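Morning, everyone. Please bring up the sequence and the model on your screens. I'll keep this short.

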Amino acid sequence: MSYVNMGNARFDDQKAVMQKILESGDCPFCPENLAKYHHGKVLREGNSWILTFNQWPREHAKYHLLLILKEHAVSLAELSQEASNEFFDHMRWAERRFMVRGGLLFMRFGETEYSGASVNHLHAQFIVPDKEAPNFEPVRFKVG
Ligand SMILES: [Zn+2]
């Protein structure tokens, strides 16, 4: 069982880190491994989630945050009611903290061949487009 999907990596340095993860057999988003592979600044931590900057933010994103579940899970059915509630608490906090006028919030789940996730551990993405930048282009995501 592999915790990363190389086919969904976007950058060469990301591929190099993922190759290391693949060889280690670690899940890079499980709490005991997170600090080893993730160097984005942690903004907030609750009982169930860690809110952090994505270390590989999308081009044309003003803010690209990751919300990483603090226990290993891959399907939505594994989320507790408490974790579900805390999820939106963090997202509301981020909306206020960054004074967001609009953005995208999504979570890939289940098998990575379908979800397009690079890491097979529940995590959500919070993206605010950098609309005011002169060279702005819409930020796009794919699934499947
Ligand atoms: Zn995990």
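Some ground rules. This is a predicted model, so local features need pLDDT of at least 70 and side-chain atom pairs count only at pLDDT 80 or more, while totals for chains, interfaces and linings use all residues. Residues are numbered from 1 along each chain as its sequence is written, and side-chain values use heavy atoms, with hydrogens and water left out. When I say helix or strand, I mean DSSP runs numbered from the N terminus: H or I of at least four residues for helices, E of at least two for strands.

Look at Cys27 and His121: they link distant parts of the chain, 94 residues apart. Cys27 sits in the loop between α1 and α2 (31-37), and His121 in the loop between α4 (112-115) and β5. Both are buried. Buried is under 20% relative accessible area, exposed is over 50%, and partly exposed is in between (1.4 Å probe, protein chains only).

Next, the core. The largest nonpolar core holds 19 residues. By core I mean buried Ala, Val, Leu, Ile, Met, Phe, Trp, Tyr and Cys residues joined through side-chain atoms within 4.5 Å. Among those with the most contacts inside it are Trp49, Leu67 and Phe126. β2 (49-53), β3, α3 (81-97) and β5 each supply at least two residues. The largest share, five residues, comes from α3.

Now the spaces. On a 1 Å grid over the protein atoms alone, a cavity is a set of points where a 1.4 Å probe fits but cannot get out; a pocket is an open set with protein on both sides within 12 Å along at least five of seven lines; lining residues have an atom within 4 Å of a point. Points are joined across faces, edges and corners, and a volume is the space filled by probe spheres set on them.

The largest pocket has about 450 Å³ of space. Its lining has 28 residues, and Asn8, Arg10, Gln14, Ser118 and Gln125 are the closest to its centre. Which element gives the most to that lining? α1, with four residues.

There is one cavity of 30 Å³ or more. The largest cavity has about 50 Å³ of space.

Last, single residues. His60 has a positive phi of about 70 degrees, although it is not a glycine. His60 lies in the loop between β2 and β3, and counts as buried because its relative accessible area is 15%. Met99 also has a positive phi, near 45 degrees. Met99 is in the loop between α3 and β4 (104-108), and is exposed, at 71% relative accessibility. Finally, Arg44 lies in strand β1 (residues 42-45) and is partly exposed, at 23%.
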